[in-house]
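Q: I've got this one open in the viewer and would like to go through it with you. Could we start with how the strands pair?

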Amino acid sequence: MYLHLGQETVVRERDIIGIFDLDNTTVSRHTRKTLNEAEKAGRVINVTDDLPKTFVITTPPGKKTGEDMVYLCQLSTGTLKKRSKK
């Protein structure tokens with residue numbers, strides 16, 4: 001199954017490591033560091049033109065640990081959870 005993140009972007013549900021709320025998780029310096037490192041490595045994909053609410057971490061097929069992709073999304077974690085149950 002696939003999860004639609006918006007802006008014509010879909011990811012395979014089995015590749016998803018986690019779906020995180022930006023407001024709640026970026027309080028931690030570890031999360032901010034992880035997101036900064038991913039951005040510097042070119043592994044962040046912005047799926048929205050608006051202010052993102054959520055980030056989704058995936059491990060694409062054939063990739064190693066540490067090569068995870070981060071998708072910034074305008075949808076809430078609750079909306080993405082509902083979409084994943086369909």
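Predicted model: local features only at pLDDT ≥ 70, side-chain atom pairs only at ≥ 80, totals over all residues.

Q: How many bridges join β4 to β6, and do they run parallel or antiparallel?

A: β4 and β6 run parallel and are joined by three bridges. Another residue to look at here is Asn46, which stands opposite Leu72 in β6.

Q: OK, and what's the order of the strands in the sheet?

A: The sheet is open and has four strands, in the order β3-β5-β6-β4, with mixed pairing. β3 and β4, the latter covering 44–46, are at the edges with a single partner strand each, so one side of each has no neighbour in the sheet. From one strand to the next, the twist averages 20 degrees.

Q: Is β5 enclosed or open to the outside?

A: Strand β5, residues 54–58, is largely enclosed by the rest of the structure, because five of its five residues are buried. Both of its faces are covered, with Thr54, Val56 and Thr58 buried on one side and Phe55 and Ile57 buried on the other.

Q: What about β6, how many of its residues are buried?

A: Five of the five residues of β6 are buried, and the strand is mostly covered. Here too both faces are covered: Met69, Tyr71 and Cys73 are buried on one side, and Val70 and Leu72 are buried on the other.

Q: Moving to the helices, which strands does α2 lie across?

A: Helix α2 lies across β4, β5 and β6, and runs at about 90 degrees to β4. Helix α3, residues 77–84, lies across β3, β5 and β6, and runs at about 145 degrees to β3.

Q: Which residues make up the largest nonpolar core?

A: The largest nonpolar core has ten residues in all, namely Leu3, Leu5, Val11, Val47, Val56, Met69, Tyr71, Cys73, Leu75 and Leu80. At least two residues of this core come from each of β1 (2–6) and β6 (69–73). β6 gives the largest share, three residues. There is also a second, separate core of seven residues, including Leu22, Leu35, Ala38 and Val70.

Q: What is Leu80 in contact with, leaving aside its neighbours within four places in sequence?

A: With those neighbours left aside, Leu80 is in contact with Leu3, His4, Leu5, Ile19, Thr54, Val56, Cys73 and Leu75.

Q: Changing topic, how many salt bridges does a search of the whole structure find?

A: The search finds two salt bridges. In one of them the side chains of Asp15 and Arg12 meet, with an N to O distance of 3.0 Å. Lys33 also forms a salt bridge with Glu37, where the closest N and O atoms are 3.9 Å apart.

Q: Take Asp15 for a moment: buried or exposed?

A: Asp15 has a relative accessible area of 13%, which is under 20%, so Asp15 counts as buried. Arg12 is partly exposed, with a relative accessible area of 23%.

Q: And where do Lys33 and Glu37 lie?

A: Lys33 and Glu37 both lie in helix α2, four residues apart, which is about one turn of the helix. Lys33 counts as exposed at 52% relative accessibility, whereas Glu37 is partly exposed, with a relative accessible area of 44%.

Q: Last one: what is Thr31 in contact with, again leaving aside neighbours within four places in sequence?

A: Thr31 lies in helix α2, residues 29–40, and, with those neighbours left aside, is in contact with Thr25, Thr26 and Phe55. For Thr25, a polar atom of the Thr31 side chain lies 3.2 Å from the backbone oxygen of Thr25.

Terms used:
Residues numbered from 1 in each chain as written. Heavy atoms only, no water. Core = buried A, V, L, I, M, F, W, Y, C linked by side-chain atoms within 4.5 Å. Buried < 20%, exposed > 50% of the residue type's maximum accessible area, 1.4 Å probe, protein only. Contact = heavy atoms within 4.5 Å. Polar contact = N/O pair within 3.5 Å; in protein donor to acceptor, adjacent residues only side chain to side chain. Pairing = 2+ DSSP bridges. Axes fitted to C-alpha atoms, helices over the stretch in contact; angles between N-to-C directions. Salt bridge = Lys/Arg side-chain N within 4 Å of Asp/Glu carboxyl O.
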